[in-house]
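Have a look at the structure first, then read on.

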Number of protein chains: 2
Amino acid sequence: MDRPREGVGRLPAGLDLDALAERVVWALRGRISFEVEASGRHVHLSVPHVEALFGKGASLSPERPLSQPGQFLCSQRVTLVGPKGDMRNVAVLGPERDKTQVEVSMTDALTLGISPPVRDSGDIRGSAQLVIRGPNGEVRLDEGVIVAHRHIHMTPDDAILLGVRDGDRVRVRVPGDRPVIFEEVLVRVSPKYSLAMHIDYDEANACGYRKGVRGNIVP
Amino acid sequence: MDRPREGVGRLPAGLDLDALAERVVWALRGRISFEVEASGRHVHLSVPHVEALFGKGASLSPERPLSQPGQFLCSQRVTLVGPKGDMRNVAVLGPERDKTQVEVSMTDALTLGISPPVRDSGDIRGSAQLVIRGPNGEVRLDEGVIVAHRHIHMTPDDAILLGVRDGDRVRVRVPGDRPVIFEEVLVRVSPKYSLAMHIDYDEANACGYRKGVRGNIVP
């Protein structure tokens with residue numbers, strides 16, 4: 001026997017609205033895919049470090065915009081100097097940040113001879129040390145080198161559609177030659193963001209990454 | 001009301017034996033973990049290629065046994081020569097095989113300047129080319145270079161307990177700093193094998209691999 005329910009019209013008796021809502025949310029999640037972007041090693045620099053590396057009064061100069069609004073690849077490059085090896089021509093991303101942060105892959109870390117922790121961007125306390133060399137000087141970082149934990153950038157609207165909140169950890173499936181489900185992918189929500197998932201090159205290689213591939217949140 | 005069923009004693013009416021069996025199988029799978037081993041770049045050599053690289057009459061000499069019974073790391077080393085770079089001191093695994101096969105990671109492939117396909121071991125038709133250099137000569141491979149697809153070696157007894165068959169593709173969860181579920185992991189069953197999963201270093205880095213970590217088959 002049917003009976004009316006407030007707000008949702010006439011529904012069959014015994015219908016489990018919560019279970020239905022859950023199924024709809026998962027159906028939506030399955031349909032909303034997002035581009036997966038592979039990030040190479042790069043540095044974010046503080047204003048004092050920009051000057052230390054590139055000279056008094058220097059500032060970062062944009063070469064091309066990145067997928068996240070306001071972020072850009074700089075024309076400047078730096079060298080990372082580790083106990084076991086150097087890596088030249090490393091990308092600098094702008095704009096300037098409060099604290100300098102270096103993001104490398106585990107493969108890079110082996111080349112450099114350091115053991116950075118896997119961390120969410122911005123969480124650099126007690127992370128690895130490294131020297132950054134620029135054309136005008138060096139910066140000796142006491143901390144700031146991490147392997148960036150994979151994450152998804154999204155707007156609040158994206159988050160509502162995907163049924164997630166800032167700080168959530170989700171599973172994301174990336175299809176391809178070597179399909180992988182990445183667990184504990186950090187959700188980062190801000191009106192300043194654009195929907196995209198970021199992985200590093202180790203993760204890209206492990207899932208047979210090709211540019212343009214799209215990921216999905218899975219149960 | 002209870003009723004007797006042949007072979008399984010008295011069971012409650014309406015019991016779904018198939019569903020029960022399925023749950024038991026999954027519970028077992030969850031309990032049976034296996035060591036995950038990360039394989040670095042290496043080559044398997046044919047008898048003619050052993051002689052071409054190490055001299056007439058040469059044979060592979062074991063340095064230490066590997067986890068798979070009868071397989072060993074050789075004291076010999078080779079250099080891989082690609083269009084863009086060389087890799088020295090590359091491991092040779094014995095015993096000799098019918099066909100020479102070179103297994104590299106995608107990161108290695110970038111260094112060498114080649115584009116090998118992701119393949120199951122032994123499936124080398126039309127795979128990538130490379131030169132192998134030894135102390136006594138070179139071998140120019142027209143095919144044989146692959147990125148090995150991740151796989152699990154197991155005995156027929158292991159396969160029964162895990163509810164899988166040779167050639168199956170399963171999902172394996174590897175815990176750690178960056179937990180990952182690897183999909184389409186090939187199951188390889190032989191009485192000659194020992195239970196272990198093999199991944200390459202890109203996959204190891206992507207899951208935050210530490211020696212001794214154990215994987216599980218998951219739904």
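Two strands count as paired if DSSP finds at least two bridges between them. Helices (H or I, at least four residues) and strands (E, at least two) are DSSP runs, numbered from the N terminus. Some housekeeping: this is a predicted model, where local features need pLDDT of at least 70, side-chain atom pairs count only at pLDDT 80 or more, and totals for chains, interfaces and linings use all residues. Residues are numbered from 1 along each chain as its sequence is written, chains are lettered from A and ligands numbered from 1 in the order in which they are written, and side-chain values use heavy atoms, with hydrogens and water left out.

Let's start with strand E16 (residues 214–218) of chain A. It is largely enclosed by the rest of the structure, because 4 of its 5 residues are buried (under 20% relative accessible area, 1.4 Å probe, protein chains only).

| Partner strand | Bridges to E16(A) | Direction | A residue pair |
|---|---|---|---|
| E3(A), residues 34–39 | 2 bridges | antiparallel | Glu35(A) with Arg214(A) |
| E13(A), residues 169–174 | 3 bridges | antiparallel | Arg173(A) with Asn216(A) |

Now for the interface. Contact (heavy atoms within 4.5 Å) involves 23 residues from chain A and 23 residues from chain B. The area buried between the chains is about 1900 Å², and carbon and sulfur atoms give 51% of that; buried area is the accessible area (1.4 Å probe) that two parts lose on being put together, summed over both. On the chain A side, Arg178(A), Ile181(A) and Glu183(A) lose the most area to chain B, together 30% of what that side buries.

What about polar links? There are 17 residue pairs in polar contact between chain A and chain B, both residues at pLDDT 80 or more (a pair of N or O atoms within 3.5 Å; within protein, one must be able to donate a hydrogen and the other to accept it, and residues adjacent in sequence count only if both atoms are side-chain atoms). The largest share of chain A's touching side, 5 residues, comes from E14(A).

Across the interface there are also 6 salt bridges (a side-chain nitrogen of Lys or Arg within 4 Å of a carboxyl oxygen of Asp or Glu). Glu203(A) forms a salt bridge with Arg178(B), with the closest N and O atoms 3.2 Å apart.

Notes: Buried < 20%, exposed > 50% of the residue type's maximum accessible area, 1.4 Å probe, protein only.
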